[in-house]
Amino acid sequence: MATLTTAFVPSKLNPLHSGYQVSPFAHITPLRKKINQPVARLFGPAIFEVSKLEVLFLGMDQKKHPADLPRTYTLTHSDITSKITLSISQTINNSQLQGWYNKLQRDEVVAHWRKIKGKMSLHVHLHVSGGHFLLDMCASIRYFIFRKELPVVLNAFSHGDKNLFKDYPELHDALVWVYFHSNISEFNKVECWGPLKDACAFPSGSHEVVIDGAPQSCQENCECCFIPMSSITWS
């Protein structure tokens, strides 16, 4: 995943914000042929590499269906090693998000499974801006990168939790709801990316999404909803 606070994008090539101004604090990295260079990958295809993925199961009964036991994904990425770390647990793995680098970059992705009115869905949360001024200055490009790299993230979920999908293949048909969290209204939105199997296969930047409100759990106690309220709350 390309660097989300330091990537440089010429305004002529940025389809989201033609008036994007380059921060004097931005780190401009020369383009190189190596695919794992952050800027070199910015406009190339988003590629999922299994060899770069490390998966950690933390206190999970891997055979439990997410409609019976909470299942949360915490994904982080290192721009230095290009490694992706995916933790699978009942709640967000907060220890994975500590340290000044993670707090500066805020390029983590967290997601969890929910059953709402009898239907399973995967809810993915991304922090676009808010928290410090660098994130606000780079909100447009961060939004662009998150959308571009999201199929890689979803493939990491599918591959890292492959035994779950082997036991419950119907989860491939679950809808993916993506929450972009931002203090800028233009980027603060919820999108439905369709079934997981299709969202994983989307070529970067070429797909269309249906923008709508996220599904809501029943107001009263019921058996058709599990995790009535989202455990992921970001401002």
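Modeller: Gladly. Strand 5 and strand 6 pair in the parallel sense, with seven bridges between them. Please keep in mind that this is a predicted model.

Colleague: What makes strand 5 and strand 6 a pair?

Modeller: The rule asks for at least two bridges, and strand 5 and strand 6 have seven bridges, so they count as paired. One of the contacts is histidine 125, whose bridge partner in strand 6 is tyrosine 179.

Colleague: Which residue stands opposite histidine 125 in strand 5?

Modeller: That is valine 110. Strand 4 (residues 109-116) runs antiparallel to strand 5, and eight bridges join them. The two form a hairpin with two residues between them, and lysine 117 in the turn has a positive phi of about 55°.

Colleague: How do you know that strand 5 is mostly covered?

Modeller: Of its nine residues, eight are buried.

Colleague: And why is helix 3 called largely enclosed?

Modeller: Because 20 of its 22 residues are buried, the rest of the structure largely encloses helix 3. There is also a kink of about 45° at glutamate 149, shortly before proline 151.

Colleague: Why is the contact of arginine 147 with glutamate 191 called a salt bridge?

Modeller: The cut-off is 4 Å between a side-chain nitrogen of Lys or Arg and a carboxyl oxygen of Asp or Glu. Here the closest N and O atoms are 2.5 Å apart, so the pair qualifies. Arginine 147 lies in helix 3 and glutamate 191 in strand 7 (residues 189-195), so the pair ties together parts that are 44 residues apart in sequence.

Colleague: What makes arginine 147 buried or exposed?

Modeller: Buried means under 20% relative accessible area. Arginine 147 has 19%, so it is buried. Glutamate 191, at 1%, counts as buried as well.

Colleague: How do you classify aspartate 173, buried, exposed or partly exposed?

Modeller: The middle class runs between 20% and 50%. Aspartate 173 is at 42% relative accessibility, so it counts as partly exposed. Aspartate 173 forms a salt bridge with lysine 197, with the closest N and O atoms 2.8 Å apart. Lysine 197 has a relative accessible area of 45%, so it too is partly exposed.

Colleague: How many salt bridges does the rule give?

Modeller: The count comes to four. Among them is arginine 71 with aspartate 161, where the closest N and O atoms are 2.7 Å apart.

Conventions: Residues numbered from 1 in each chain as written. Predicted model: local features only at pLDDT ≥ 70, side-chain atom pairs only at ≥ 80, totals over all residues. Heavy atoms only, no water. Bend = angle between axes of the 7 residues up to and from the residue. Helix = DSSP H or I, 4+ residues; strand = E, 2+ residues; numbered from the N terminus. Buried < 20%, exposed > 50% of the residue type's maximum accessible area, 1.4 Å probe, protein only.
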